[in-house]
Amino acid sequence: MKVLFMCPDYFGIYKVIQKELQSDSTCELTSVIFEDYQYKSSLQKIQNFLAKTFLKKNLKKIWASKERISTIAKDDYFDFLFVICPDFLLNDELQYVTERAKKRAVYFWDSFDNIPRYERTLPFFDVKYSFEPKDVEKYQLKQLTNFYFNTTRNPAPKNDVFFIGTLDERIDLIKKILNSVEKLGKTAKVFLQTKNENAAKIHPSNSIEFIRKAIPFEESEKIYHDSKIILDVQKTIQKGLTFRVFDAMGKGKKLITTNEDIVNYDFYNSNNIFIWKNDTEAIPESFFNSPYEELPTDIYEKYSIKNWVNTIFETK
């Protein structure tokens with residue numbers, strides 16, 4: 001089976017999907033990873049500036065979209081096309097690649113509220129998946145959560161709580177949760193990405209390190225591995241479960257989350273998952289001290305990368 005897989009370089013997570021696809025000996029895989037477009041000359045940069053200023057036209061997006069399909073020849077044909085975040089391609093390029101595939105599946109890795117341009121890509125695909133419940137209902141998509149891919153266990157993690165994210169409107173809530181953790185004498189390690197050089201002065205905290213560049217997932221995985229509990233502070237714009245939920249599940253770690261919708265999933269266990277609500281003031285010390293309860297095998301395996309890929313390709 002000839003497969004074309006297209007995906008943005010989202011902290012390198014595409015690598016684990018590629019690896020799972022390549023584990024199938026019947027899969028002849030071609031991957032196109034969406035990279036950030038780099039101007040080919042100073043003239044291009046000037047052209048784009050003038051086009052945006054006077055024509056309200058972003059030439060960089062047009063050039064990027066064309067470049068991203070440049071390795072797909074006109075006579076290429078695929079049994080299955082799988083695209084994550086199709087908004088990286090404009091409609092002409094989406095038409096070009098979808099015409100070269102017998103089956104066309106898409107996975108939306110963010111909510112439509114956060115990326116409204118997802119909507120224009122819907123007509124190009126036969127099967128459409130999303131992790132966001134409200135998008136599933138509104139756009140008649142198939143619901144599919146994210147997945148775990150690392151199952152390595154650490155019986156003696158050095159750090160108690162870990163979170164990695166961006167500096168945004170969640171900062172006050174993050175600091176409130178960290179304060180609760182620290183009051184119990186527990187340790188926390190938090191990385192927040194920001195371009196603001198004064199972030200540390202504006203938001204002083206012993207547990208937060210402000211970083212300029214994203215941490216590659218290979219490195220963040222090491223920190224997850226050495227932490228007892230994973231913190232998940234949800235953006236209010238979405239209800240779907242983030243990767244942090246499944247990172248915790250795969251590694252058999254407890255989770256502190258602000259996503260109250262998590263109670264509707266079959267893996268929810270109050271011993272393993274503490275929900276921080278609007279009126280929460282503290283995390284019980286018993287949550288830190290009690291052991292993690294393993295999930296039933298069928299539920300655990302349901303959320304693996306292997307089952308995720310199998311679900312995507314069940315239409316083949």
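I began with helix H6, residues 171-183, which lies across E7, E8, E9 and strand E10 (227-232). Its direction runs at about 170° to E8. I then looked at helix H8, residues 217-225, which also packs on the sheet. H8 touches E7, E8 and E10. The direction of H8 makes about 150° with that of E7. I note here that the model is a predicted one.

I traced the strand order next. The sheet is open, and its 6 strands follow the order E9-E8-E7-E10-E11-E12. The pairing is parallel. Which strands stand at the edges? I found strand E9 (208-211) and strand E12 (273-275) there. Each has a single partner strand, so one side of each is left without a neighbour in the sheet.

Strand E7 (residues 159-166) and strand E8 (residues 188-193) pair in the parallel sense, over 6 bridges. Within this pair I picked out Phe162, which stands opposite Lys189 in E8.

**Entry: the other sheet**

I moved to the sheet that holds E1. Here 6 strands form an open sheet, in the order E2-E1-E3-E4-E5-E6. Its pairing is parallel. The edge strands are strand E2 (28-34) and strand E6 (142-143). Each of them pairs on one side only.

I checked what packs on this sheet. Helix H4, residues 91-98, does, and it touches E1, strand E3 (78-84) and strand E4 (101-108). The direction of H4 makes about 135° with that of E4.

I went through some of the pairs in turn. How many bridges join strand E1 (residues 2-8) to E2? I read 7, and the two strands run parallel. Leu4 stands opposite Thr30 in E2. E4 pairs with strand E5 (residues 127-130) over 4 bridges, in the parallel sense. In E5, Val127 is the bridge partner of Ala105. From E5 I went on to E6, to which E5 is joined by 2 bridges, again parallel. Tyr129 stands opposite Lys142 in E6.

I followed the chain between those last two strands. It crosses from E5 through helix H5 (residues 133-139) to E6. This β-α-β crossover is right-handed.

**Entry: empty space**

Rolling a probe the size of a water molecule over the atoms shows where empty space is left. The largest cavity has a volume of about 90 Å³.

What lines the largest cavity? I listed Val245, Ala248, Met249, Lys253, Leu255, Phe267, Asn269, Asn272, Ile273, Tyr292 and Leu295. Helix H9 (residues 243-251) gives the largest share of this lining, 3 residues. By class, the lining of the largest cavity has 8 nonpolar residues, 2 polar and 1 charged.

I counted 14 residues lining the second largest pocket. Which of them are the closest to its centre? They are Gln234, Lys235, Thr236, Thr258 and Asn278. The lining of the second largest pocket divides into 2 nonpolar, 6 polar and 6 charged residues.

Methods:
Residues numbered from 1 in each chain as written. Predicted model: local features only at pLDDT ≥ 70, side-chain atom pairs only at ≥ 80, totals over all residues. Heavy atoms only, no water. Pairing = 2+ DSSP bridges. Contact = heavy atoms within 4.5 Å. Axes fitted to C-alpha atoms, helices over the stretch in contact; angles between N-to-C directions. 1 Å grid on protein atoms, 1.4 Å probe; cavity = no way out; pocket = protein on both sides within 12 Å on 5 of 7 lines; lining within 4 Å. Points joined across faces, edges and corners; volume = space filled by probe spheres on them. Nonpolar A, V, L, I, M, F, W, Y, C, P; charged D, E, K, R; others polar. Right-handed = clockwise from strand over helix to strand, strands pointing away.
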